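Biologist: Could you take one part of this model and go through it closely, keeping to what was computed from the coordinates?

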Amino acid sequence: MAVIRGSSDRSVLVLTSLSSGPKHGYALIKDIESFSGVTLGPGSLYGAIDKLERAGLIEAMPGEGRRKPYRITARGAADLREQLEQSQIVSIVGLRRLAGAAGS
Amino acid sequence: MIQFIVRFILGLYPPWWKRRYEAENADLTEQLLEEPDAHRWRVVASLLSGSMLAWLQVRRVGDYLNPLCSPNQWGMVPRGSHRDIFGNRGLWPRSKAELEPDEALLGVIDGVVGNRFVAFMPMEGVIFVVLPLIMSLHFRPFSWNMPVVGAILLALGLLLRPLTKSYYVSVAVTSHGVVVFRRGITGRTGKMIERMPAVEPEFLKLGIMTQVRLGDRRLRLNAGSDPLLYWMSQSLRSAGRR
């Protein structure tokens, strides 16, 4: 099942954020905003969290009060790595071709 | 005002979602709204779209329980007649566990074997019992007539079904042949009934096969999925010849 679709997909943003350590909802939104410029709303964030949790790519940790931190699982890390490597290939080829087109 | 709207929208989410995420989502929303440069209506719009997404998930869970009546078109390779929570089609886990480890599932098609009226009788009985109960809550005083008929139909159906071998079934076409599974009232595929090498087309109507022979049984197919089973059965047979 393809949970992750592209590098700008919310799932990739959430997984990338969690790859630096467990975070709860607000910390996730702020971190994603700082590295990608994308501002996720509470509805879209929990939509992505639900999808990733069901697919076993992230898991909830015991939290304090109403806040529940999430962490990336080993499978989530592997899926994210695969997706980012694919995106990297596309961006390298695209930039090389653009450079070639500008040079000619 | 905005707090009231947020509480109202959070109340629109489905119950399973509320159990899992309501507390933390309410906490996150409060934090976002407390920011000095908060885009309040963007937060509200996001919550609203999130509730719609959550309800779509419920629809997907519902699809898991319902067999698809006409899932397949010519040219499509199906993956089963039941959906899991992610929308993938396939057999229920209990049925899937009965396949061999190296057996690949090619498709699942729903139908009924034996007498279709007998197969439906227990369900009819349940409807006859439940319907007057619901109606009595809203419209009129409760009457015992229909529930008694329903109970008789239910008992008769449960007795006659095994005697006449009349069941709702799902036929799984696999890499090893054809496997027939019982199907419950909710549409879940259950116990395996039998295995066979292939199916024989039996009744063609306007060029579409509506019945096939499964060993000594006759399977009436749900409309729409028929050509596919025929095509698969032919492919299996020609593969067997080779």
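This is a predicted model: local features need pLDDT of at least 70, side-chain atom pairs count only at pLDDT 80 or more; totals for chains, interfaces and linings use all residues.

Modeller: Strand β3 of chain B covers residues 177-183, and because 5 of its 7 residues are buried, that is, have 20 or more other C-beta atoms within 10 Å of their own, the strand is largely enclosed by the rest of the structure. On one side of the pairing, strand β2 of chain B, residues 167-174, runs antiparallel to β3(B), and the two are joined by 6 bridges. These strands make a hairpin in which 2 residues lie between β2(B) and β3(B), and among the bridges is the one that links B:T174 to B:G177 of β3(B). The other pairing involves strand β4 of chain B, residues 189-196, which is likewise antiparallel to β3(B), here over 5 bridges; one of the bridged pairs consists of B:V179 and B:R195, the latter in β4(B).

Turning to the contact between chains, 22 residues of chain B are in contact with 13 residues of chain A. Helices α2 (15-34) and α3 (40-65) of chain B each supply at least two residues of the side that touches chain A, and α2(B) gives the most, with 10 residues. Sorted by class, that side of chain B comprises 11 nonpolar, 8 polar and 3 charged residues.

Terms used: Residues are numbered from 1 along each chain as its sequence is written. Chains are lettered from A and ligands numbered from 1 in the order in which they are written. Two residues are in contact if their C-beta atoms, placed from the backbone, lie within 7 Å. Helices (H or I, at least four residues) and strands (E, at least two) are DSSP runs, numbered from the N terminus. Ala, Val, Leu, Ile, Met, Phe, Trp, Tyr, Cys and Pro count as nonpolar, Asp, Glu, Lys and Arg as charged, and the others, Gly among them, as polar. A residue is buried if 20 or more other C-beta atoms lie within 10 Å of its own, exposed if 12 or fewer, and partly exposed in between; C-beta atoms are placed from the backbone. Two strands pair if DSSP finds at least two bridges between them.
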